[in-house]
Amino acid sequence: MAPDKKAATISNVTFVRPVKFYLSGFSNIPHVTYFYIFLCFVYIITVVGNVLLLSVIFLVKTLHTPKYMIVFNLALTDLCGSTALIPKLLDTFLFDNRYIVYEACLCQIFFVWFFLSVQSWTLVIMAYDRFIAICFPLRYHSIVTKPAIAAMLLLVWVVLLSLMSCLVGLLDRLSFCGSLVIQNFFCDHGPTFRLACNDTSLNFIIAGVVLAVVFFLPPILIALTYVCIAIALSRIASHKERDKALKTCTSHLILVAIFYFPLLGTNIAAVTSSLHPNSRMINSALTHTIPSLLNPIIYSLKTEEVLNSIKKLYKNNRLRKITVSTLTRIASRKERLKALKTCTSHLILVVICFFPILYISK
């Protein structure tokens with residue numbers, strides 16, 4: 001089962017690297033193909049939902065706000081994270097291509113963990129947005145600005161990119177001279193570095209740092225922001241105003257619950273009890289894929305601004321189609337020109353009025 005190995009020499013130290021790893025996947029589960037087909041549908045809906053949300057935010061100018069910059073970033077990482085995992089998973093198990101090239105394995109570890117960590121910290125930035133909006137409402141627009149949010153998101157991407165590069169870079173300095181079977185459905189960091197036959201202490205340390213940065217620190221920061229929000233809400237005398245302020249947090253709280261509870265539950269169960277490999281892999285597959293599926297649905301259905309924007313886009317598109325179809329039905333070229341001439345004065349006024357405003361606002 002073990003493919004040929006290759007040796008690489010760095011600073012007079014020889015590392016034994018395999019040409020390929022073998023992904024074991026699930027064992028002795030009847031009709032497991034249906035689970036992979038389910039994941040295929042999950043991926044299709046994830047792509048459609050996140051592309052729709054990205055398109056709406058991009059096309060509707062009223063959504064070009066700091067809050068929706070964060071939502072845009074979350075939808076983008078959801079889309080990329082699912083794409084890094086599900087297509088390869090389906091190719092591996094539906095088409096029985098269980099061998100994965102060494103370099104491809106390292107790439108998958110990098111992208112899956114990178115986008116997962118960006119998702120985690122995007123939820124922290126969302127919590128910060130809600131914290132400022134409720135605790136400092138009068139200063140919200142001066143604190144939460146587009147440049148400030150862009151700087152925070154850029155910092156998250158750069159720091160996590162560096163951290164994941166270290167995570168994968170240290171894997172490349174391991175020798176694999178024993179089993180090459182990864183006990184998982186994808187190239188995960190833990191099951192991969194445990195196959196090495198030389199010292200893995202640095203890999204163990206960096207894995208602990210990544211777990212703390214991705215899974216434990218963000219929920220603590222989010223919990224602290226909501227403690228501050230709860231204190232601020234308790235000082236509001238009106239019950240109606242408290243409910244109104246809380247409603248602005250519901251979408252974010254649902255996203256946090258969907259993302260962290262399964263991840264923390266699976267990892268705690270794996271550490272504290274002897275979780276069956278199949279159960280661990282099923283939980284891991286769902287925790288990596290379901291949040292990316294639900295995030296755009298929650299933000300589309302729970303946020304009135306997005307719903308209204310979708311309706312507006314639909315109406316504008318429908319009106320455009322009706323106008324074009326009406327003009328195309330006019331058989332005579334002379335009549336079409338005559339009909340269009342009646343619009344020219346209005347179009348000139350629109351350009352004169354709005355073009356300078358749009359130009360200045362840029």
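Four helices, α6 (189-193), α7 (201-234), α9 (250-272) and α10 (277-301), each supply at least two residues of the lining of the largest pocket. The model is predicted, so local features need pLDDT of at least 70 and side-chain atom pairs count only at pLDDT 80 or more, while totals for chains, interfaces and linings use all residues. Residues are numbered from 1 along each chain as its sequence is written, and side-chain values use heavy atoms, with hydrogens and water left out. Helices here are DSSP runs (H or I, at least four residues), numbered from the N terminus.

**Largest pocket**

- A pocket is an open set of points on a 1 Å grid over the protein atoms alone, with protein on both sides within 12 Å along at least five of seven lines; lining residues have an atom within 4 Å of a point.
- The largest pocket has a volume of about 750 Å³, a volume being the space filled by probe spheres set on the points, which are joined across faces, edges and corners.
- Its lining comprises 27 residues, of which Asp188, Gly190, Arg194, Leu211 and Asn267 lie nearest the centre.
- Helix α7 gives the most to this lining, with seven residues.
- The lining has 14 nonpolar, ten polar and three charged residues; Ala, Val, Leu, Ile, Met, Phe, Trp, Tyr, Cys and Pro count as nonpolar, Asp, Glu, Lys and Arg as charged, and the others, Gly among them, as polar.

**Cavities**

- A cavity is a set of grid points where a 1.4 Å probe fits but cannot get out.
- The structure holds three cavities of 30 Å³ or more, and the largest cavity has a volume of about 80 Å³.
- Residues lining the largest cavity include Thr77, Asp78, Phe115 and His288.
- Helix α2 (66-94) supplies the largest share of that lining, namely five residues.
- The second largest cavity holds about 40 Å³ of space and is lined by Lys67, Met126, Asp129, Arg130, His252 and Tyr299.
- Three of the residues lining the second largest cavity are charged, two are nonpolar and one is polar.

**Nonpolar surface patch**

- Tyr34, Ile37, Phe41, Ile44, Ile45, Val48, Leu94, Phe95 and Ile297 make a nonpolar surface patch of about 880 Å².
- Such a patch is made of residues with over 30% relative accessible area and no salt bridge, with nonpolar side chains joined within 5 Å; a salt bridge is a side-chain nitrogen of Lys or Arg within 4 Å of a carboxyl oxygen of Asp or Glu.
- Helix α1 (residues 33-59) gives the most to the patch, with six residues.
- Tyr34, found in helix α1, is exposed (over 50% relative accessible area, 1.4 Å probe, protein chains only), with a value of 58%.

Note on methods:
Patches are made of residues with over 30% relative accessible area and no salt bridge: like charges are joined within 9 Å, nonpolar side chains (Val, Leu, Ile, Met, Phe, Trp, Tyr) within 5 Å. Accessible areas come from the Shrake-Rupley method with a 1.4 Å probe; for residues, only the protein chains shown count as cover. Buried means under 20% relative accessible area, exposed over 50%, partly exposed in between (1.4 Å probe, protein chains only).
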